[in-house]
Protein chains: 2
Amino acid sequence: MNIGEAARTSGVSAKMIRHYEAIGLLPPSSRSDSGYRIYSSNDLHTLRFIGTARSLGFTLDEIRQLVSLWQDRNRSSGDVKTLVVNHITQLEQKIAEMSAMRDTLRALAETCDGNARPDCPILHGISTHCAPASGSINSSRPGAKAVAT
Amino acid sequence: MNIGEAARTSGVSAKMIRHYEAIGLLPPSSRSDSGYRIYSSNDLHTLRFIGTARSLGFTLDEIRQLVSLWQDRNRSSGDVKTLVVNHITQLEQKIAEMSAMRDTLRALAETCDGNARPDCPILHGISTHCAPASGSINSSRPGAKAVAT
DNA sequence: CTTGACCTTACCACTGTGGGAAGGTTCAGA
DNA sequence: TCTGAACCTTCCCACAGTGGTAAGGTCAAG
């Protein structure tokens with residue numbers, strides 16, 4: 001099976017399959033005489049594993065660890081669980097940050113008429129409520145604690 | 001006030017202040033004879049506005065629009081509200097995605113003993129549940145619907 | 001006049017993904 | 001046998017947002 005079919009079957013784009021190989025997340029696949037990548041059903045299994053892990057929000061680095069645990073017959077399930085629990089914690093932190101943002105914005109939006117006049121409590125709120133930057137886990141939207149209303 | 005003090009006062013790092021200026025989010029500040037950036041209290045106000053907006057999860061592009069609305073005396077509050085409501089929707093989408101991930105992972109983690117033995121329902125779950133990629137709004141962790149358990 | 005704390009610009013890094021160019025391969029159909 | 005479409009290859013660039021760091025200029029206090 002070549003890369004296109006592997007991509008279609010696994011749900012991981014060909015672009016990303018090559019990328020994962022380049023960064024060592026996937027071992028180099030075998031090649032045809034002409035240099036085309038060839039994937040076995042075993043490779044596909046790994047690919048699907050990665051795709052699933054990605055869809056659960058794991059970073060590529062976490063997935064690297066997951067894959068290596070997955071392929072390690074002498075693993076401790078405790079190591080897997082620790083990794084997962086940490087990831088859950090991070091998810092919850094981000095959910096909390098974003099929920100706070102949403103709540104603040106919702107409160108502001110509720111008081112805004114949203115008409116053709118310029119008076120806008122939303123802009124007023126943003127321009128007067130100070131919001132010191134604060135630490136977050138990663139990039140994305142959550143970059144600071146949401147402003148309190 | 002020079003950039004360092006402006007950064008301390010506004011909570012936006014000097015690095016980012018320069019960046020925002022470079023991409024046109026902030027107008028070029030005035031300069032001292034020696035080329036140092038100088039910020040007025042007015043500039044600081046804008047800086048704080050941006051910082052607050054950032055902390056509410058707006059992208060720089062959304063903030064660009066917010067700032068221009070903020071400074072437009074002929075704005076319609078409806079335009080502001082639309083922008084904000086859209087942003088709230090996106091936040092909710094991401095919260096939902098991440099909550100789904102968390103739920104799936106929590107369910108998997110609950111069934112895992114987390115001991116020294118290799119048997120691990122988490123890894124089993126990831127390796128057998130297929131999760132087709134699906135659309136998300138932006139990058140970050142949320143990249144696909146969470147796998148159903 | 002030196003020293004340390006500041007400032008300047010200009011790069012490179014990260015994460016994860018996509019786009020595209022320039023070229024080679026494979027296969028079906030005329 | 002030739003041709004064209006649909007693949008494949010590698011390589012570079014882009015995105016968002018932030019940080020680091022290097023090489024240099026400036027300013028104020030001692």
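Two residues are in contact when heavy atoms of theirs lie within 4.5 Å. Keep that in mind for the views below, which all come from a predicted model.

**View 1. S29(A) and its contacts.** Let's start in the loop between α2 (14-22) and β1 (30-31) of chain A, where S29(A) is found. Which residues does S29(A) touch, leaving aside its neighbours within four places in sequence? They are E21(A), R37(A), I38(A) and Y39(A). Is S29(A) buried or exposed? With a relative accessibility of 10%, S29(A) counts as buried, because the cut-off for that word is under 20%.

**View 2. Chain A from end to end.** Starting at the N terminus, the order of elements is α-α-β-β-α-α-α-α. Chain A has 149 residues, and 44% of them are buried. Among the contacts in chain A with a separation of 6 or more, 47% link residues 24 or more positions apart.

**View 3. Where chain A meets chain B.** Here 63 residues of chain A are in contact with 63 residues of chain B. Together the two chains bury about 5,500 Å², with 66% of that on carbon and sulfur atoms. There are also 18 residue pairs in polar contact between chain A and chain B. On the chain A side, the elements giving two or more residues are α3 (41-55), α4 (60-70), α5 (77-110) and α6 (121-128). The largest share comes from α5(A), with 20 residues. Sorted by class, this side of chain A has 30 nonpolar, 20 polar and 13 charged residues.

**View 4. F58(B) and the nonpolar core.** In soluble globular proteins, nonpolar side chains tend to be buried together. The largest nonpolar core in this model has 76 residues, and F58(A) and F58(B) touch the most other members. What does F58(B) contact once its neighbours within four places in sequence are set aside? From chain A come L105(A) and I126(A), and from chain B come A53(B), I63(B), L66(B), L83(B), V84(B) and H87(B).

**View 5. Helix α6 of chain B.** Follow residues 121-128 of chain B and you'll pass the buried residues I122(B), L123(B), G125(B), I126(B) and S127(B). What do the buried residues of α6(B) pack against? Their partners are α3, α4 and α5 of chain A, along with α5 (77-110) of chain B.

**View 6. S55(B) in its helix.** S55(B) sits in helix α3 (residues 41-55) of chain B. Its relative accessibility is 2%, so S55(B) counts as buried. The side chain of S55(B) reaches the backbone oxygen of T52(B) at 2.7 Å.

**View 7. Charged pairs.** Side chains of opposite charge can pair when their charged atoms come close. Over all chains, the structure holds 14 salt bridges, and two salt bridges are found across the interface of chain A and chain B. One salt bridge joins E92(B) to R106(A), with the closest N and O atoms 2.6 Å apart. Within chain A, R64(A) and D61(A) meet at 3.9 Å, N to O. Both lie in helix α4 of chain A, three residues apart, or about one turn of the helix.

**View 8. A linked set of salt bridges.** R102(B) pairs with D103(B), their closest N and O atoms 3.2 Å apart. R102(B) is buried at 16% relative accessibility, whereas D103(B) is partly exposed at 38%. D103(B) also forms a salt bridge with R106(B), at 4.0 Å between the closest N and O atoms. Shared partners join E92(A), R102(B), D103(B) and R106(B) into one network.

Notes:
Residues numbered from 1 in each chain as written. Chains lettered and ligands numbered in written order. Predicted model: local features only at pLDDT ≥ 70, side-chain atom pairs only at ≥ 80, totals over all residues. Heavy atoms only, no water. Buried area = accessible area lost by both parts, 1.4 Å probe. Salt bridge = Lys/Arg side-chain N within 4 Å of Asp/Glu carboxyl O. Polar contact = N/O pair within 3.5 Å; in protein donor to acceptor, adjacent residues only side chain to side chain. Helix = DSSP H or I, 4+ residues; strand = E, 2+ residues; numbered from the N terminus. Nonpolar A, V, L, I, M, F, W, Y, C, P; charged D, E, K, R; others polar. Core = buried A, V, L, I, M, F, W, Y, C linked by side-chain atoms within 4.5 Å. Buried < 20%, exposed > 50% of the residue type's maximum accessible area, 1.4 Å probe, protein only.
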